[in-house]
Amino acid sequence: MIHRFFFFIVGLACFIAATGRVDAHPHVWVTMTEELLYAPDGSVTGVRHAWTFDDMFSAFATQGMEQKTQGTFTREELEPLAKVNVESLREYAFFTYAKMNGKRQRDAFLEPVDYFLEYDPKETVLTLHFTLPFKTPVKAKTIELEIYDPEFFIDFGFAEKDPVRLVSAPAQCTASVQKPHDDNFSAALRLDKSFMTSEANAGMGSNFANRISVTCP
Amino acid sequence: MPVTRDAEARLIRHVALTAAVVTLVLAASAATSAFAQAGLFGGLRPPADTGVLGWIVAKQALFYRALSGLIRAAKTDGSAYWGLMGISFIYGIFHAAGPGHGKAVISSYLLANEETWRRGIALSFASALLQALTAVVIVTIAAILIGATAKVMGDTVRVIEIVSYALIVLLGVRLLWLKGRSFLYALHDVRAKAEPLEAAANTHAADAAHAHCEHHSHHDHAHHGHRHHAHARSHDHDEEESVLPWGHAHGPEPEELAGPGGWRRGLSAIVAVGLRPCSGAIIILVFALAQGLFWAGVASTFVMGIGTAITVAVIATLAVGAKSLAKRFARSRAGYGALMLRGVEVGAAAVVMAFGVLLLTGTVASERMGMF
């Protein structure tokens, strides 16, 4: 009876594991390169994203698109798709969350500008370029940007090489990136934090998202 | 079956635990999904790659990414097909641990109904293979025959999704109606039995009549000296009704229920769950098509479906196991046991409906299709 009881409990645990949302599964992978844009007065004006999709999703996204040359797409051919992309991104807050001088920015961005899609025929991947202007450019001592999909249908990750660039930023500004898979934290600590992260301690221990930190003295 | 007090107590704990855990699971998944919407430094982060779940997520991602390379390789190297099928299968198994595969709905459906583990497995396989089939049909029609874009395919899936979720709600409402009624009958039964005079008079007259309980009061029962069993079947000749044994020893055995007509009974659940294709399958199919290897994609999708079915079947079997445990308890004490069993069924039916509503309203995001 006792062993049956244990079997039962283990089964239910599996059931919980299987139905919970924690095990959401991505179908889209994005490799990102990010740029922070600065005005001559040293205030940050916007974020320029370059998101490269994985080959499978790129094939899916370009399915049925007209192309003059087999195997490649021009920027013009991809224009309607780019429009759909950026327009639907608003619903997801562009997956971009900003914090300035330690203060969380709600609805921080204007409509995306300078957007286009680029197709790499060799790697058969699409890259979406778009710029998010800040509603109110500010001179911030610290800027934190997080890019992630809370529902985890898209797995965002920084590019291996030069994932972040500061464009015409004041000379003393420095940027660093933090990846969700960094091994800086012990597993136990991370697990703990996953339960602790709530509105109440917003920004505390958010070691799960891809984070860019910029400091200007 | 003689049951000692001790064993009884243990069984009570089992049943109570089942009910409690099922409720908790639902509440937790609903709550976390709601939090996930919050986002912005607050809500949930993408899961960390720690623990068993993290391991599953990581492996799944690894297998999925491997698929694209294997499909490419299969273009020039025939032996890559084996690798492709193998990875597709394993990916299916892991993948089904994620949302969107109707595990919760299927297991709740099984809990709410009187089903054998064999039927649970059959149900899992049928719905998983239907899912694979819908994916193949959508891509064949949309991408190959019409040459539709990703957006059109995404919109198609969205329509199918709404239909599928609405069907789940209907399934839940229907189950809730049926099970709710049986619960009330069982309650009636227990109350009738609770009257001591009647209880004494009833010992020999059990099973006698399939009386229309709602037309009689408790006193009528006492006068007749019968114990009336509220057989729902006598009121309604609906298919679903045949799944309602009373938890008494004379109730139909599960095996009997798996007989003719059984398939039609499960069909509603199969369609409701299996209609909505997996986004991953559609993406893989379109990718295979772009690589000029559509058939490899189709084979991969079905092999993946088999893998998915195995995971769902394991969970379904657990649900059936939990149910039969509860049933054994119910049989050992006809009155309250049956009531409790009916209670669990009502709860499971409510879970099916709740899932349908949450999916339909987008509170629980199952899959996301289209550009984003």
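1. A residue is counted as buried here if 20 or more other C-beta atoms lie within 10 Å of its own. On that count strand 8 of chain A, residues 154–158, is mostly covered, with four of its five residues buried. The model is a predicted one, and the points below should be read as comments on that prediction.

2. Strand 8 of chain A is joined to strand 1 (residues 28–38) of chain A by five bridges, and these two strands run parallel. Within this pairing, Ile154(A) of strand 8 has Val28(A) opposite it.

3. For chain A as a whole, the secondary structure amounts to four helices and 11 strands. Of the 217 residues in the chain, 40% are buried. Among contacts in chain A with a separation of 6 or more, 71% are between residues 24 or more positions apart.

4. Chain A also has an open sheet of five strands, in the order 4-3-7-11-10, with antiparallel pairing. Its edges are strand 4 (103–105) and strand 10 (174–178) of chain A, each of which pairs on one side only. From one strand to the next, the twist averages 20°.

5. Inside that order, strand 7 (residues 142–147) and strand 11 (residues 210–215) of chain A run antiparallel and are joined by six bridges.

6. The loop between strand 3 (96–100) and strand 4 of chain A contains Asn101(A). Is Asn101(A) buried or exposed? Asn101(A) is exposed, because it has 12 other C-beta atoms within 10 Å, and a residue with 12 or fewer counts as exposed. Between the C-alpha atoms of Asn101(A) and Ala159(A), which are 58 residues apart along the chain, the separation is 26 Å.

7. In chain B, helix 4 (residues 103–112) has 10 of its 10 residues buried, so it is largely enclosed by the rest of the structure. The buried residues of helix 4 of chain B include Lys103(B), Ser107(B), Ser108(B) and Tyr109(B).

8. Helix 11 (residues 279–290) and helix 12 (residues 294–332) of chain B pack at an angle of about 160°, their axes being 7 Å apart. The two helices are therefore roughly antiparallel to each other, since angles over 145 degrees are classed that way. Helix 11 of chain B passes helix 12 of chain B in a right-handed crossing. By class, their contact has nine nonpolar, three polar and no charged residues. On the helix 11 side, the residues are Ala281(B), Ile284(B), Leu285(B), Ala288(B) and Leu289(B); on the helix 12 side, they include Phe294(B), Val298(B) and Met304(B).

9. Helix 11 of chain B also packs against helix 5 (residues 117–146) of chain B, at an angle of about 45° and with the axes 9 Å apart. That angle makes helix 5 of chain B oblique to helix 11 of chain B. Their crossing is right-handed, and by class the contact has 12 nonpolar, no polar and no charged residues. Helix 5 of chain B contributes residues including Ala132(B), Val136(B), Val139(B) and Ile144(B), which meet a set in helix 11 of chain B that includes Ala281(B), Leu285(B) and Leu289(B). Ala281(B), Leu285(B) and Leu289(B) are also listed in the contact of helix 11 with helix 12 of chain B.

How values were computed:
Residues are numbered from 1 along each chain as its sequence is written. Chains are lettered from A and ligands numbered from 1 in the order in which they are written. This is a predicted model: local features need pLDDT of at least 70, side-chain atom pairs count only at pLDDT 80 or more; totals for chains, interfaces and linings use all residues. Two strands pair if DSSP finds at least two bridges between them. Axes are lines fitted to C-alpha atoms, for helices over the stretch in contact, and angles run from 0 to 180 degrees between N-to-C directions. Two residues are in contact if their C-beta atoms, placed from the backbone, lie within 7 Å. Angles under 35 degrees count as roughly parallel, over 145 as roughly antiparallel, 65 to 115 as roughly perpendicular and the rest as oblique. A crossing is left-handed if the near helix is turned anticlockwise from the far one by less than a right angle, and right-handed if clockwise. Ala, Val, Leu, Ile, Met, Phe, Trp, Tyr, Cys and Pro count as nonpolar, Asp, Glu, Lys and Arg as charged, and the others, Gly among them, as polar.
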